[in-house]
Amino acid sequence: MTTSTAPALKPKRSPHFWRNTIEGYLFIGPVVLGLLIWTFGPMVASAYYSLTDYRIISAPEFIGFQNYIDLFTRDRLFIQSLSVTVRYAIMVMFLGQIVSLLIAVLLSQKLPGMSIFRTFFYLPIIVPFVASALLWRYLFNKDYGPINGLLTGIGLPEINWLGSPHSALFSLVIMSVWTGAVTTIIYVAGLQQIPEELHDAAKIDGGNSVQRFFYVTIPMLSPTIFFNVVTGFIAAFQFFVPAFLMTEGGPANSTYFYNLNIYEKAFQWLEMGYASAMAWVIFVIIMIITILLFRISNRWVYYESANES
Amino acid sequence: MSAVSQPTPSIQLYSQQNQAARRKKQVGMGTVYALLIIGSVIFMLPLIIMVATSFKSFNEINSYPPTFFPREWLPSNYPDAWSYQNTNFPRWTLNTLIIILGTLPGVVLTSSLCAYGFARMQFPGRRLWFGLVLASIMLPPQVTLIPLYILFFQLGWLNTFWPLIIPAWFGGGALNIFLLRQFYMQIPKELDEAAIIDGATHLTIWWRIYMPLSRPALVSVTLLTVLQIWNDFLGPLIYLTSPDNYTLALGLNMFQGLFITRNDYIMAISTLMVLPMVVMFIFAQRYIVQGFVTSGLKG
Amino acid sequence: MSSRKWFLVFVVLLAFVAVGSVAAQEVTQIRFGTINDPAVERVNQLLVENFQAQHPGVEVIVEYIPGADLVSTYTTQAAAGTLPDVIWLADLFVVPFAQGDIVFDMQPLAEGDANFDLSDIYDNLLGLSRVEGEGLYMIPSSYDVVTMYYNATLFEEAGAPLPTADWTWDDYIAACQTIKEATGKYCFANGGGLPTFEWWAWVVPFVQGYGGSLVGEDGMATLNTPETLAGFQAYVDLWTTHDIAQPLDFDAGGNCFIVGECATMFFIPGIMSALRALDPQPFEWDIQVIPSHPEGKFTGMGTYGYAVSANAQDPALAWDFVKHLASADAQLAIAANYAGTPLLQSLREDPGIVDLAAPPENITAFIENGENGILPTFFPGECGSLYAGQINQEVKDALETAILGMMSVEEAFTIANDNINACLGG
């Protein structure tokens, strides 16, 4: 382990400082250019729109911070949609990460036929959107859906999955976990990267499989877990298409996600200025959470080469 | 805790324990397979329904309550869907493949290059730029859609594949950079230090050591990229206007009419669209499974 | 990994794409944005053929708009000024698009065209193409007045009398209750497709049918006057008191009427084509003029059509394309495909519509019902409309809370009224 590259005191510039800098920027050059060309322009534009009354089809008109003021003082759906999104994000983070990790461990067993099983588990995400919205509505249907069929089959009461304001959001959480194969794939790849001999060493030391999981697998996998948690959070905060296709935000606005709110404000109410202000508010919220996650990560994310602060 | 610190078992007990371990292993294998089979059924359910629905008649789809398996299997949905009015699925398949082939090398090469820079090189502004990369995906895309569209319009790229291909060559997406960076930071640093002493440049280290070592991650990036393009709807919808330039995912929406939506055909084409992805997944598994295990790396 | 080979393949493919996209820009052309529907296809072909006969030198480029995401496509194209010359449009876009100068006012073109008789088109229908009675921003495709469809098989099975033209809503409710008791099935299908329970074309006729209105003369909302509340109450009662409307959480897997679970449906003529696409017909059905309210018969309208976008390089040329939609030729083609009923008064008795094969047997009810069609209430200011924006949101939320029994109609609409007026007033 080499920790010597991160000394406590700031060293004098190394003789290779300029060479390193140029070389570094050559490596990250593509993304730097990409951000400058494709991303920052549109972001600045939307930041400007957020200070205007911009109805898309007529020119933006500067109104200062009025959109932000309206957002916090006059929009009753702002809080509702933010609350839906936060509740969804928390549920999907806990359930999604745990289920995906368990499945990934299962799929990483070195047994014959595993590649077929992996494919089976990845399948839900390869269904095109248009089709999957129909399929999930069918699965969740309260009258004839297979899920309720199973529940009544084993003597449990039926659940009005998408039809009740109490369960609709949770139904979408279940669906998201079910289609969480992206997370699973990344966990599987992460598990593959753990050197075999660490497990062997733990086995020789007499650790059982549960202990090996918590003392070897989890720490070694922590960079991957960290990746999935951060990106999972960002994705959860931006989730809305299935809600749009399956529940249209209802019933009683119980699945009215923040980004669905933005979408409707922008493309149905044609209030792009207002929608941009909403987008920047959620941007700041996501950014704060991400920075916190990075700060906390120092305590639990283990890098084989610990040179990252 | 105590088990970990136990001393290695003595030789006399070895054979006894070995038998017990083998029995335990068989039980464990049985459990694993049982869990896998149950899980597979659960996870495959939507797909099974999709395939089943693709064989139902239009009347059966429009009946109540919906059936699970078709009362009457109708394979003719497939040719009918494939040759539906104003569709050109062979062309759209080709278009989708062109976009994938044009995008994939850009994604894999530039995202891993940038990830290496962020994970392994020391230079001022590195953390700032990494923060900006991540921040770029935090703004809800609905509000940058129009400025981006206007940008591509001014570049004269509307109704071409460029807006879908070129940006991928500039870093290959923030998530991919982040993912690969995480993987690269796990690779023991002794490896590149040794290589640097041998006079290797960063470029060589990246290409000779990091690219091969991160194969599971690169294969994952490839899989997810292909999948994303294959099913991408919004990008093609906004940028491609003439039907000759449509992609498969866009073509799927041609069955949504004003009064008549052909869900039978949507399911048939969806099933056809899923097949190559299944093949790709099975094929790619071979490359994911071998990672550090066979690459000969010893801590 | 042979990335060099990949790269070569990529370069070759890109060159191929680039050549393809450059080649198509020389001839004078007109871009035509439309939707891919079997019932509409023949009409599109007619428009293209007719235009090409008149302007052989002009190429028509057809662009299909995938139904699901029409709105974001249009608004994005509008913002960048890349809309096709002729666009497919629905009634809900007329006002915002006209106000934003996205669509062209065709009124002067129509008046100046000796071969075009605007007065032959039903006047109430044209209201959907105008902004507060002014301008002409869309040629509607058909006389799209909301009419009652009924499942004759279900009515007969349950022993309920078949609907007649002089029915009141009380007769309707009585028949529906008979059906509900006999078969357990619902009566009032709440859309199944896009228009759900808050569609203005269902709600507002109830308000007017009880003598209410949504906006007063001072331009402020009047959602909680006794008459207006009575209208809302009668509509909500279909779910609550009478329990004959498809519950909001009853997902029939498709249109409740088409799958045979709802005995009636209130919709525009075009959905005939979807019903007739079922082969064999799963049940017998027909149509009837809508029942009457205390104040008479009122029903909504909802249409799509074609418009000349403000982006059109040559509006007169685009007009030549669009106007053919309102020709006898195109109108009879629409009727022949059961995609609508002719919007020309001169075709009222035409065999092309009157003698169409059943179902529906009573096809002329579409036209008889036409005069009952009302327009969506226009709200001044920037608080949205009955289609979208805050006003739509408030009405929807009030209806939903009342239908679900979370609040009384009076409470729900008083809140909605206050919210709307807070916006309209400030």
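## Two crossing helices in chain A

Let's start in chain A, where helix α2 (residues 66-73) and helix α13 (residues 272-300) have axes that come within 9 Å and cross at roughly 70°. That angle makes α2(A) roughly perpendicular to α13(A), a label that covers 65 to 115 degrees. Axes here are lines fitted to C-alpha atoms, for helices over the stretch in contact, and angles run from 0 to 180 degrees between N-to-C directions. Helices (H or I, at least four residues) and strands (E, at least two) are DSSP runs, numbered from the N terminus.

From α2(A), A:Asn67, A:Tyr68 and A:Leu71 meet A:Gly273, A:Tyr274, A:Ala277, A:Met278 and A:Val281 of α13(A). Contact means that C-beta atoms, placed from the backbone, lie within 7 Å. By class, this contact has six nonpolar residues, two polar and no charged; Ala, Val, Leu, Ile, Met, Phe, Trp, Tyr, Cys and Pro count as nonpolar, Asp, Glu, Lys and Arg as charged, and the others, Gly among them, as polar.

## About the model

This is a predicted model, in which local features need pLDDT of at least 70 and side-chain atom pairs count only at pLDDT 80 or more, while totals for chains, interfaces and linings use all residues. Residues are numbered from 1 along each chain as its sequence is written, and chains are lettered from A and ligands numbered from 1 in the order in which they are written.

## A sheet in chain C

Over in chain C, four strands form an open sheet with mixed pairing, in the order β6-β7-β5-β8. Strands pair if DSSP finds at least two bridges between them. The edges belong to β6 (186-188) and β8 (285-288) of chain C, each with a single partner strand, so one side of each has no neighbour in the sheet. On average, neighbouring strands are turned by 20° against each other, direction ignored.

Within this chain, β5 (residues 147-151) and β7 (residues 262-267) run antiparallel and are joined by four bridges. In one bridge, C:Tyr149 is partnered by C:Met265 of β7(C). Helix α8 (residues 169-183) of chain C packs on the sheet, touching β6 and β7 of chain C, and its direction makes about 155° with that of β6(C).

## Where chain C meets chain B

Chain C brings 45 residues into contact with 35 residues of chain B. Of the chain C side, α1(C) gives the largest share, nine residues. By class, that side has 27 nonpolar, 12 polar and six charged residues.

Technical notes: Contact = placed C-beta atoms within 7 Å. Parallel < 35°, antiparallel > 145°, perpendicular 65-115°, else oblique.
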